[in-house]
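Here's a quick briefing to read alongside the model. Have a look at the fold first, then work through the points below.

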Amino acid sequence: MNYTAEVMDMCPVAKGAYHGPAPIPEEGQWIQVKEIKDVSGFTHGIGWCAPQQGACKLTLNVKEGIIEEALVETIGCSGMTHSAAMASEILIGKTLLEALNTDLVCDAINTAMRELFLQIVYGRTQSAFSEGGLLVGASLEDLGKGLRSQVGTMFATKEKGPRYLEMTEGYCNRVALNSDNEIVGYEFISLGKMMDFIKAGMDANEALEKAKGHYGQFDNAAKYIDPRKE
């Protein structure tokens, strides 16, 4: 360590009491974080790219400073899906500091990693007060049985009104209207369930019908429209 002459000429003054960092909540305990291995937590965060063309929701499960689980969900940009594939390989096994200073291919994923880092090191995780934290694999529960991201896609114009294209339940197949042409329900296809039926050997048309469901006053609607064609 090199010092200036001014510092070298100063007389030493003893430091007072050392209290250490403030404890933060981690997996049901209060921890004084001094090293990266002291950090654990399960949390989510959102990131966006510079032109704000797309976004990433990143979920990490960190145990003793190491990323044990990563769920990368992207929307809005075709290239992001390929970036997410690479990031899923890059993230696991890295320490939080390594991941923060690693190129995760997509600007939105890098931004999400920054936001998660802040949550985790400040003790603001989802599992902060959960004894023992969450099991590795917990992020899959957010996807549901079909293991698909929960996506909502709606399009609307002043001239023709709204079109429901995708809901949490799945692909919007038909929209139900009342006599005043107001939306009162919709029919959806759970694509995850449909693919599971087909993989199990079911005929595709039968699987399609079995994977359908509806919401709202669908049965009593005045008319139905295909939101992608009408």
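Which residues does L208 touch, not counting residues up to four places away in sequence? L208 touches I189 and M194, where contact means heavy atoms within 4.5 Å. Keep in mind that this is a predicted model, so local features need pLDDT of at least 70 and side-chain atom pairs count only at pLDDT 80 or more, while totals for chains, interfaces and linings use all residues. Residues are numbered from 1 along each chain as its sequence is written, and side-chain values use heavy atoms, with hydrogens and water left out.

**The chain overall**

- The chain has 6 helices and 11 strands; these are DSSP runs numbered from the N terminus, with helices being H or I of at least four residues and strands being E of at least two.
- The radius of gyration is 25 Å, whereas a compact globule of 230 residues would come out near 17 Å. That radius is taken over C-alpha atoms, and the globule rule is 2.2 Å times the number of residues to the power 0.38.
- Along the principal axes, the C-alpha atoms fill a box of roughly 90 × 40 × 30 Å.
- Buried residues make up 34% of the 230 in the chain; buried means under 20% relative accessible area, exposed over 50%, and partly exposed in between, with a 1.4 Å probe and protein chains only.
- Take the contacts between residues at least 6 apart in sequence: 50% of them join residues at least 24 apart.
- There are 21 positive and 31 negative charges, and their mean positions sit 6 Å apart. Lys and Arg count as positive and Asp and Glu as negative, leaving out His and the chain ends; each charge is placed at NZ of Lys, CZ of Arg, CG of Asp or CD of Glu.

**The largest nonpolar core**

- This core has 23 residues, and L58, L60, L91, I109 and M113 are those with the most contacts inside it. A nonpolar core here is a set of buried Ala, Val, Leu, Ile, Met, Phe, Trp, Tyr and Cys residues joined through side-chain atoms within 4.5 Å.
- At least two residues each come from strand 4 (55–63), strand 5 (66–75), helix 2 (78–91), helix 3 (96–100) and helix 4 (107–121).
- Helix 4 gives the most, with 7 residues.
- In soluble globular proteins, nonpolar side chains tend to be buried together.
- Setting aside residues up to four places away in sequence, L91 touches L58, L60, I67, A70, V72, A99, L104 and M113.

- I67 is in strand 5, and it is buried, with a relative accessible area of 1%.
- Beyond four places in sequence, the contacts of I67 include L60, L91 and A99.
- I67 and E98 are 31 residues apart in sequence, with their C-alpha atoms 9.9 Å apart.
- M80 is in helix 2 and counts as buried at 2% relative accessibility.
- Again leaving out residues up to four places away, M80 touches C49, G54, A55, T74, I75, C106 and A108.
- From M80 to V151 is 71 residues in sequence and 15 Å in space, C-alpha to C-alpha.

**Two positive phi values**

- Most residues other than glycine have a negative phi.
- E27 has a positive phi of about 50° although it is not a glycine. E27 is in the loop between strand 1 (24–26) and strand 2 (29–31).
- E27 is buried, with a relative accessible area of 11%.
- N181 lies in the loop between strand 8 (170–177) and strand 9 (183–189), and it is partly exposed at 48% relative accessibility.

**Back to L208**

- L208 is in helix 6 (residues 204–210) and counts as partly exposed at 24% relative accessibility.
- L208 and I189 are 19 residues apart along the chain, and their C-alpha atoms are separated by 7.3 Å.
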